[in-house]
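Please look over the sequence and the structure together before reading on.

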Amino acid sequence: TALSEDVDMAVDGVGKSVAVLTSGGDSQGMNSALRAIVRLSLHRGMRVYAVHEGYQGLVDGGEKGMEECSWNSVSNILHKGGTAIGTARCRDFREREGRLRAASNLVKRSIGNLVVIGGDGSLTGASVFKEEWMGLLAELQQEQRITAEEAAKCRFLNIVGLVGSIDNDMCGTDMTIGTDSALHRIIEAVDCLTSTAASHQRSFVLEVMGRHCGYLAQMAAIAGRADWVLIPEKPPEPGWEDVMCQKMQTCCGLGERLSIVIVSEGAVDKENKPITSQYVKKVIETKLGHDTRITVLGHVQRGGKPSAYDRLIACRMGAAAVLVLLQATGEIPPTMIGVQGNYICRIPLMECVEATRNVNRAMQECNFKRAQALRGSSFLRNITVSRRISSCGPRGCGSNPSLNESGNSYRVAIMNVGSPAAGMNSTVRAFVRLMTYSGHTVLGIEEGFEGLLLDRVREMEWHDVSEWASAGGSFLGTNRTSPNEETLPTIAEKVTKHGIQGLLIVGGFDGFESLVTLQKRRSEYPAFQIPLLGIAATVSNNVPGTDCSLGSDTALNTIVSMCDVLRQSANASRKRVFVVQTMGGYCGYLATMAGLAAGADTAYIFEDNFTISDMHKDVARLVGKFKADGIQRGIITRSERCSVNFTSEFMCQLLAEEGRGMFVTESNILGHLQQGDKPSPYDRILGTKYAAHAVDFFMEQMEKLLRTGGGGGGISRAMDPQSACMVGIRGTSMVTTPIQDLIEETDFAHRMPKQQWWMSLRALLHVLARDRNHVFLG
Ligand code: ATP
């Protein structure tokens, strides 16, 4: 079930207590979850206990094992990797006596709620504990280790689990806390290997984590590059060594200077025999004579700062866990919080644990088909997409089959419109390769509509996009110009001249507006009666039809990293308050989400319609925090068009005046830095998935037009609203939405959707920063 994330709706928790622990392997983002759990619980009046060293702290109890938290217990941890309360693998908790002691420690403190952040093992342990709870209480009472009154107060234990694991191996959630950060580390490594290999012709075997799950390896191949991927769930066919080497040789023959094989640590063959990196190296050296090096990333993948995505997802999941516990009026079944698409969901914990175990069991029994089916429908699709885009060339090249599915061939054009956004190149690359793989033609239009007017249109070949996945900006060139009355006739003429049968626009709000114009004018211009599709690509995330636009994750990572640097500079010198101005036009997405991920004190956005009186309260509260809590720094984010008159300078002056003697103030206008350097793994993967969805859209539309075209190869005109869409993630899934429907949903004057999903997170941001209008019950 999707959960409402509006913490303003939360009921009070006065009289309730909750304990939180992190268990199993650590992962980046656990601290963000912890912070959200502690602060939201305190805010709603619950008592919170941090359990140290996983289940060991619960078993040992005492001040060292279980510490009651205050607001400041979780200060200054959001940006740190690992877990601030320690984690462990605890043997004692596997024994009943250990669990008896753990139960006693909870009962003695009247704690009836437990949040466990860990992998499937830790969540299984939590579930076992819950099942035994009544029996444990009875035994403790019988042995007079607790009183009847104490037992009565804790008749039941409510448990919520959050999955903290870099492997992304848990069923029931699309992502686990730490996976995105681990992908950052892996992609940094792949990018580094790519640049060193450009100097020497070499092969690399890169080993990544994933004992039972190939997610990291598979996504690294999509986001970076890989000639071959070996994962646990889909062992290669016997004789794969020859096929792999043949492919590497073909690619080398076509001019590739680098070969990378990515191996999950748990990769196996069809008989469940491990395929090690050493073995892969030996195969390449023996069969191809390549100089081959192994890079084992190991714990590097768990290290470093949590990415913006992990901070946000962990924070949202942590808050959701508290909401579930607050809403419980009695006993609830053990619940897991997961993310599906962009929704935070609650799922029965045991179902997820059971499904995860079934995957592992199926693999142990060499029933790999079942394991793949249990991983979900996107699993095999990701593999297909990854294999196609990393082929040596289109179908018919090397070992690729030579015919496409339908036998038809289409010409679809692609252009970038608006400002450059990270992920544009990955999208173009994937689109070009997936289309040409199947025998279609992709026309690249340089510099948007301006380029089309100047006939800057070229057929894109497989190798034109070889180095595009990891590059920021737009290699195709982009332009903000949208079609207008003057240019429309020529645009129509050029579409016809170049034989364009479909058009994909990858761009920001200008791209969306261009599609609106083309779709609206279809009846006047037959040239526009072709399938039209938009993929949102802008740092601002203000395009209708999707919850996530390409480039905004990269921008968030850049902003959050800068805020981390600012935090450090304040810790090292004088006390400071930073006013950080983000991009986004009128849209407050970046300011809000960066504020949430960086632990800002507040975020000023246009949508909030804030007044001087709000600002005054915020300044007073900030001064209070410096005085009472002894904090070293404050961060305020503001979106660039949040107010005409309350400028960055004005805010700084107000703060400087009110904080005189307490702190100094500094304005940071991040500007184009936010477009980032290389695209984040999230943007690269999302771009590839959008591109694959776009290919399906065009194929479906073309086939439909062919069917209704009266045979003989004739294609009918596209007038149906379904043939002009935006593709995007909405809620749990990736969908295409007709432009016509989106017009209603759009605030054109302010260039953003009328309803923005993330607005419900504003209240959480205020709570976590102890902000205005949020009564503190603790
Ligand atoms: P990772 O994904 O990093 O391996 P994990 O949570 O799966 O994390 P485990 O070592 O499997 O890591 O489990 C962590 C701890 O959870 C164990 O050390 C143990 O204390 C507890 N635990 C796991 N399984 C059980 C169980 N069946 N009964 C009781 N406790 C358990």
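## The chain as a whole

This is a predicted model, and the chain in it contains 25 helices and 25 strands. The radius of gyration of the chain is 27 Å, close to the 28 Å that the globule rule gives for 778 residues, so the chain is as compact as a globular protein of that length. Along the principal axes, the C-alpha trace spans about 85 × 70 × 50 Å.

Buried residues account for 54% of the 778 residues in the chain. When contacts between residues at least 6 apart in sequence are considered, 79% of them join residues that are at least 24 apart.

## Two packed helices

Helix α9, which covers residues 240–253, packs against helix α10, which covers residues 277–288, at an angle of about 60 degrees and with the two axes 10 Å apart. The crossing of these two helices, α9 and α10, is right-handed.

On the side of α9 the contact is made by Glu 241, Cys 245, Met 248 and Gln 249, while α10 brings Val 283, Ile 284, Lys 287 and Leu 288 to it. Sorted by class, the residues in this contact of α9 with α10 are five nonpolar, one polar and two charged.

## The shell around the ligand

The ligand is surrounded by 17 residues, and the closest of them are Gly 24, Gly 25, Gly 119, Gly 121 and Gly 125. Helix α5, made of residues 120–142, gives the most to this shell, with six residues. By class, the shell around the ligand holds four nonpolar, 10 polar and three charged residues.

## A buried methionine

Met 424 is found in helix α15, which covers residues 424–437.

Leaving aside the neighbours within four places in sequence, Met 424 is in contact with Asn 416, Ser 474, Val 506, Ala 537 and Leu 550. Met 424 and Arg 684 are 260 residues apart in sequence, yet in space they are 8.4 Å apart, taken from C-alpha to C-alpha.

## Positive phi in two loops

Gln 144 is a residue other than glycine with a positive phi, the value being near 60 degrees. Gln 144 has its place in the loop between α5 and α6, the latter being residues 148–153, and it counts as exposed because it has 7 C-beta neighbours inside 10 Å.

Asp 455 likewise has a positive phi, of about 60 degrees, although it is not a glycine. The loop in which Asp 455 lies is between α16 (448–453) and β14 (457–459). With 12 other C-beta atoms within 10 Å, Asp 455 is exposed, since a residue with 12 or fewer is placed in that class.

## An exposed glutamate

Glu 649 has its place in helix α22, which covers residues 648–658. The residue is exposed, as 11 other C-beta atoms lie within 10 Å of the C-beta atom of Glu 649. Between Glu 649 and Leu 761, which are 112 residues apart along the chain, the C-alpha atoms are separated by 27 Å.

Terms used:
Residues are numbered from 1 along each chain as its sequence is written. This is a predicted model: local features need pLDDT of at least 70, side-chain atom pairs count only at pLDDT 80 or more; totals for chains, interfaces and linings use all residues. Helices (H or I, at least four residues) and strands (E, at least two) are DSSP runs, numbered from the N terminus. The radius of gyration is taken over C-alpha atoms; the globule rule is 2.2 Å times the number of residues to the power 0.38. A residue is buried if 20 or more other C-beta atoms lie within 10 Å of its own, exposed if 12 or fewer, and partly exposed in between; C-beta atoms are placed from the backbone. Two residues are in contact if their C-beta atoms, placed from the backbone, lie within 7 Å. Axes are lines fitted to C-alpha atoms, for helices over the stretch in contact, and angles run from 0 to 180 degrees between N-to-C directions. A crossing is left-handed if the near helix is turned anticlockwise from the far one by less than a right angle, and right-handed if clockwise. Ala, Val, Leu, Ile, Met, Phe, Trp, Tyr, Cys and Pro count as nonpolar, Asp, Glu, Lys and Arg as charged, and the others, Gly among them, as polar. A residue is near a molecule or strand if its C-beta atom, placed from the backbone, lies within 6 Å of it.
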